[in-house]
Amino acid sequence: FLYSGRLDEARGVDLLLAAMEHLPETGWHLDITGDGPLAEQISRFSSDARWKGKVEYHQALPPADYDRLKAVCHVGLNCQRASDPISGVTLPSKVFTYLSAGLLVISSKAGAVEQLCRSACFYYEEDTPQSLAGAMKEVISNYSAVRRKLDPAAVSDQYSIRATAGRMRHLLQAIGVVDDH
């Protein structure tokens, strides 16, 4: 599992830590990257003997190191709280980063993630450790079956860097910032 981004309660990193209590003893590893108000708590958590070898905190990584980490992970986690007011006006871009890297994505239904990503992600229903852990356990025990149920291709293509650059170019051409040549 990979969690990356701002380490604060709105992004649900505390929910993720609480979910660890509900996971099986084996079959998973969690890498956490990023910085924020909960960074010290994450560092202490990952240093705890109980989580040694299971939870690793990398802090904020340079792009090349982050790309290497994504390449060895299988699942990206978006734990942004649907109940947080900021979720109504934000969309966690990490979902598209994970999809572009070929990761299976477990996501909350915060913001417009479910409307935009549809069947590209595996969703958990509630902002509770048990609900998040339930989705994680399903992926741990049935990774291939869960992966087959998902359809990330259309979303990955639509929101890829290439497609987004094309939309931006079209917009800039329409307002006269970039000419057609």
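Student: Which residues have the most contacts inside the largest nonpolar core, and how many residues does that core have?

Tutor: A nonpolar core is a set of buried Ala, Val, Leu, Ile, Met, Phe, Trp, Tyr and Cys residues joined through side-chain atoms within 4.5 Å. Buried means under 20% relative accessible area, with exposed over 50% and partly exposed in between (1.4 Å probe, protein chains only). Here the largest core has 34 residues, and Met20, Leu30 and Ile106 have the most contacts inside it. Keep in mind that this is a predicted model, where local features need pLDDT of at least 70 and side-chain atom pairs count only at pLDDT 80 or more, while totals for chains, interfaces and linings use all residues. Residues are numbered from 1 along each chain as its sequence is written, and side-chain values use heavy atoms, leaving out hydrogens and water.

Student: Which element gives the most to this core?

Tutor: Helices (H or I, at least four residues) and strands (E, at least two) are DSSP runs, numbered from the N terminus. Helix 6 gives the most, with 6 residues. Apart from this core lies another, of 16 residues, including Leu2 and Val155.

Student: What is Ile106 in contact with, leaving aside its neighbours within four places in sequence?

Tutor: Contact means heavy atoms within 4.5 Å. The partners of Ile106 include Phe1, Val75, Leu77, Phe122, Leu132 and Val139.

Student: How many aromatic pairs are there?

Tutor: Rings of Phe, Tyr and Trp (its six-membered ring) pair if their centres lie within 6.5 Å; planes under 30 degrees apart count as stacked, over 60 as edge-to-face and the rest as tilted. The count comes to 2 aromatic pairs. Trp28 and Trp51 have ring centres 6.2 Å apart and planes at 50°, so this pair is tilted. Trp28 lies in the loop between helix 1 (13-19) and strand 2 (30-33), and Trp51 in the loop between helix 2 (39-47) and strand 3 (55-57), so the pair ties together parts that are 23 residues apart in sequence. Phe45 and Trp51 form a stacked pair, at 5.1 Å centre to centre with 15° between the planes. Trp28, Phe45 and Trp51 form one aromatic cluster.

Student: Is Trp51 buried or exposed?

Tutor: Trp51 is buried, at 4% relative accessibility. Phe45 is buried too, at 16%.

Student: How many disulfides does a search of the whole structure find?

Tutor: A disulfide is a covalent bond between the sulfur atoms of two cysteines. The cut-off is a pair of cysteine sulfur atoms within 2.5 Å. The search finds 0 disulfides. The sulfur of Cys79 is 12 Å from the closest cysteine sulfur, in Cys121, too far for a bond. Cys117 is in no disulfide either, with the sulfur of Cys121 4.3 Å away.
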